[in-house]
Amino acid sequence: MSERSASMFGSAGPSNGCVLVVEDDPGVRSGIRQALQGAGYEVIEAENAQKGMEAINFGEHPLVVDTVIADIDMEKGIDAVNYFKQQYPHVPLIVLTGLPERLRDVPDRMQVAIFGAGRGG
């Protein structure tokens, strides 16, 4: 377990960290979960943008995660990515898309993609 990992707060056992996965496709979400758990990470899943934002803010204290992986092509995906970057700038954010050929909202996607570039995000 990493000494500075968020997983040290309430982890059931040794872990490489805690990752919040926000993905609306159950098959993709399951594949990401399996890969991360196989590599020793704890995974918290959210099936849409709203549930992802709720999960990270659940309870009296916001959830401590080491990384957020979010699908930008789901409904409100851009909003969720912007929210995570603004509210949790210290948490690395990996943005996914399964539809690279789709050209809708290209300027918004590019703005989000470079929002944290070069600043550890």
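**Salt bridges and their setting**

A: Lys51 has a relative accessible area of 39% and is therefore partly exposed. The model under discussion is a predicted one. The partner of Lys51 is Glu47, and the closest N and O atoms of this salt bridge are 3.3 Å apart. Glu47 is also partly exposed, at a relative accessible area of 41%.

This pair belongs to a set of three salt bridges in the structure. Glu45 takes part in a salt bridge with Arg29, at an N to O distance of 3.2 Å. Since Glu45 belongs to strand E2 and Arg29 to helix H1, this pair ties together parts that are 16 residues apart in sequence. Glu45 also forms a salt bridge with Arg33, where the closest N and O atoms are 2.7 Å apart. Arg33 lies in helix H1 and Glu45 in strand E2, so here the parts tied together are 12 residues apart in sequence. Through shared partners, Arg29, Arg33 and Glu45 form one network.

Arg33, at 22% relative accessibility, counts as partly exposed, and Glu45 is partly exposed at 36%.

H1 covers residues 26-38, 13 residues in total, and spans 18 Å from its first C-alpha to its last, close to the 18 Å expected at 1.5 Å a residue. Its buried residues are Arg29, Ile32 and Leu36. Viewed down the axis of H1, these buried residues fall within an arc of 65°, so they line one face of the helix. The elements that cover them include E1, strand E2 (42-46), E3 and strand E4 (93-96). On the face turned away from the buried side, H1 carries the exposed residues Pro26, Gly27, Ala35 and Gly38.

Both ends of this helix can be described as well. After H1 comes Gly40, which has a positive phi near 95°.

Notes. Residues are numbered from 1 along each chain as its sequence is written. This is a predicted model: local features need pLDDT of at least 70, side-chain atom pairs count only at pLDDT 80 or more; totals for chains, interfaces and linings use all residues. Side-chain values use heavy atoms; hydrogens and water are left out. Helices (H or I, at least four residues) and strands (E, at least two) are DSSP runs, numbered from the N terminus. The expected span of a helix is 1.5 Å times one less than its number of residues. Buried means under 20% relative accessible area, exposed over 50%, partly exposed in between (1.4 Å probe, protein chains only). The arc is that of the directions from the helix axis to the C-beta atoms. Contact means heavy atoms within 4.5 Å. A salt bridge is a side-chain nitrogen of Lys or Arg within 4 Å of a carboxyl oxygen of Asp or Glu.
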